[in-house]
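Please keep the model in view while reading.

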Amino acid sequence: MSPTVFWFRRDLRLSDNPALLAAVSAAGDDGVQPVFVLDPVPFRASGGPRTSHLARSLRALDESLGGHLVIRHGKPEEEIPRLVAEIGAEEVHIAADYGPYGAARDQRVEKALASHGATLHRTGSPYAIAPGRIRKPDDTPYRVFTPFSRAWREHGWRAPVAAPKNANWRKAKSGGLPDVPDLPDVDLPEAGEDAARKRFADFLDDGLAGYADERNRPDRDGTSRISVNLKYGELHPRTILAELAKRRGSGADTFRNEICWREFYADVVFHRPSSLWESLDQRVGSIHTDSGKSADAKFEAWAAGRTGFPIVDAGMRQLLEIGWMHNRVRMITASFLVKDLHLPWQRGAAHFLDHLVDGDYASNNHGWQWVAGTGTDAAPYIRVFNPVTQGKKFDPEGGYVRRWVPELADVSGAAVHEPWTLETQPEGYPEPIVDHAAERQETLRRFEAVRGA
Ligand SMILES: Cc1cc2nc3c(=O)[nH]c(=O)nc-3n(C[C@H](O)[C@H](O)[C@H](O)COP(=O)(O)OP(=O)(O)OC[C@H]3O[C@@H](n4cnc5c(N)ncnc54)[C@H](O)[C@@H]3O)c2cc1C
């Protein structure tokens with residue numbers, strides 16, 4: 001036997017990590033060197049909330065490894081073979097990455113390792129079922145969520161595995177944890193595996209039973225907030241699914257379905273990597289969008305939460321303040337950008353990725369495509385969310401808006417969703433930047449133009 005390397009990426013945890021167990025078992029007494037490579041390309045492309053979470057999560061991981069985590073800064077295809085050569089390892093273990101960037105990177109690393117006489121071993125993935133595995137009976141990929149989810153449930157998944165016991169960790173030279181600026185204005189969640197497990201346990205106790213009813217209410221704390229933990233692999237979906245299997249009721253069923261959306265979008269991206277930034281439905285995607293100074297000013301108002309539409313502004317300010325936004329409001333704000341402001345969905349998706357702590361290319365960009373009507377599923381382009389009716393329906397007492405838009409804090413009840421109907425416009429709060437009814441008509445007109453074409 002010889003030492004092995006375990007390369008952490010989107011799996012910053014010790015429990016339920018089969019690839020880590022494989023590295024420990026292959027190393028025997030010679031020990032495992034845990035490493036994280038700070039690849040400048042994705043690191044630079046991640047916004048502040050994500051880099052902050054990553055840095056804190058790595059610190060937590062290092063603590064749980066007794067200070068043995070080695071950080072290397074540079075290209076993985078250079079850093080991993082260098083480490084292998086330093087410690088005389090023959091095997092590097094990873095959980096497979098199915099995203100376009102990660103998969104290509106891993107192939108480069110595999111090639112570079114081969115020239116050092118070492119091998120790359122893939123065990124598991126950040127998903128309960130690896131992208132690409134669920135297929136229709138005719139072996140083609142699913143394009144619609146509901147049949148995919150049925151096949152996904154029927155396929156099933158492995159049971160979680162325990163953390164390695166008595167592992168012998170090695171410690172090579174480390175480049176140190178990333179120097180990430182603090183974000184004093186953004187209230188980010190605690191990072192790391194322990195925090196993730198605690199958050200999920202709390203949700204099982206307090207949130208799951210009411211989840212099916214509460215999940216659409218941004219004014220309530222009705223969702224799990226574990227998206228960031230899934231993003232960094234502080235918690236594996238298999239761990240979640242195993243807990244759900246022990247519980248009955250609509251809460252567990254609905255929650256399982258949401259986990260499946262994450263898996264579905266990863267599967268779509270696996271089969272169509274270009275769909276991260278290109279519309280899946282090219283015809284709808286070719287709809288005319290606005291550009292120029294006026295469009296830029298509208299984008300800025302949207303991004304700053306100053307559109308004059310309270311539910312939109314509340315969502316955009318929640319995003320800036322805590323790096324997270326409620327799912328219902330992600331849909332409303334995305335619809336507003338695409339269908340009220342006539343801006344390309346890609347522009348909004350990029351902004352979300354810059355500010356979301358859970359920013360995930362597959363879930364985010366396909367979430368945007370779903371709203372824009374260019375993506376999977378029959379989400380008709382002609383469905384245009386009305387920000388006032390959405391606000392009144394999902395934030396009926398207006399508590400969500402008052403929480404995030406201080407200028408409206410004194411407006412009581414649902415009237416907060418239509419400040420222009422008040423006798424006096426609340427001080428400091430902008431007038432609506434567009435007329436929703438007129439923009440809806442404009443969207444339908446543009447849609448008819450591409451449909452006719
Ligand atoms: C425009 C838009 C952008 C989005 N961007 C992201 C993103 O960057 N990262 C991200 O993780 N999710 C994204 N989502 C999906 C969803 O909004 C978040 O997963 C959810 O709000 C996270 O909060 P939670 O963990 O409390 O969710 P919960 O309601 O507790 O759901 C549990 C888990 O299920 C998964 N999930 C739930 N809804 C979806 C969904 N619609 N698509 C995919 N997975 C889902 C997530 O992993 C989530 O953590 C986006 C949705 C939209 C409409």
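Helix H11 gives the most to the shell around the ligand, with six residues; helices here are DSSP runs of H or I, at least four residues long, numbered from the N terminus. This is a predicted model, in which local features need pLDDT of at least 70 and side-chain atom pairs count only at pLDDT 80 or more, while totals for chains, interfaces and linings use all residues. Residues are numbered from 1 along each chain as its sequence is written, and side-chain values use heavy atoms, with hydrogens and water left out.

At least two residues of the shell come from each of helix H9 (227-231), helix H11 (250-271), helix H15 (327-340) and helix H17 (361-372). Around the ligand there are 27 residues, of which Tyr211, Thr223, Ser224, Arg225 and Asn327 come nearest; a residue belongs here if one of its heavy atoms lies within 4 Å of the ligand.

A polar backbone atom of Arg225 is 2.6 Å from an oxygen atom of the ligand, and a backbone N or O atom of Ser227 lies 3.1 Å from a ligand oxygen atom. In the side chain of Glu258, an N or O atom is 3.0 Å from a nitrogen atom of the ligand. The protein buries 95% of the 810 Å² that the ligand exposes when taken alone, with accessible areas computed by the Shrake-Rupley method with a 1.4 Å probe.

By class, the shell has 13 nonpolar, eight polar and six charged residues, where Asp, Glu, Lys and Arg count as charged, Ala, Val, Leu, Ile, Met, Phe, Trp, Tyr, Cys and Pro as nonpolar, and the others, Gly among them, as polar.

How values were computed: Polar contact = N/O pair within 3.5 Å; in protein donor to acceptor, adjacent residues only side chain to side chain.
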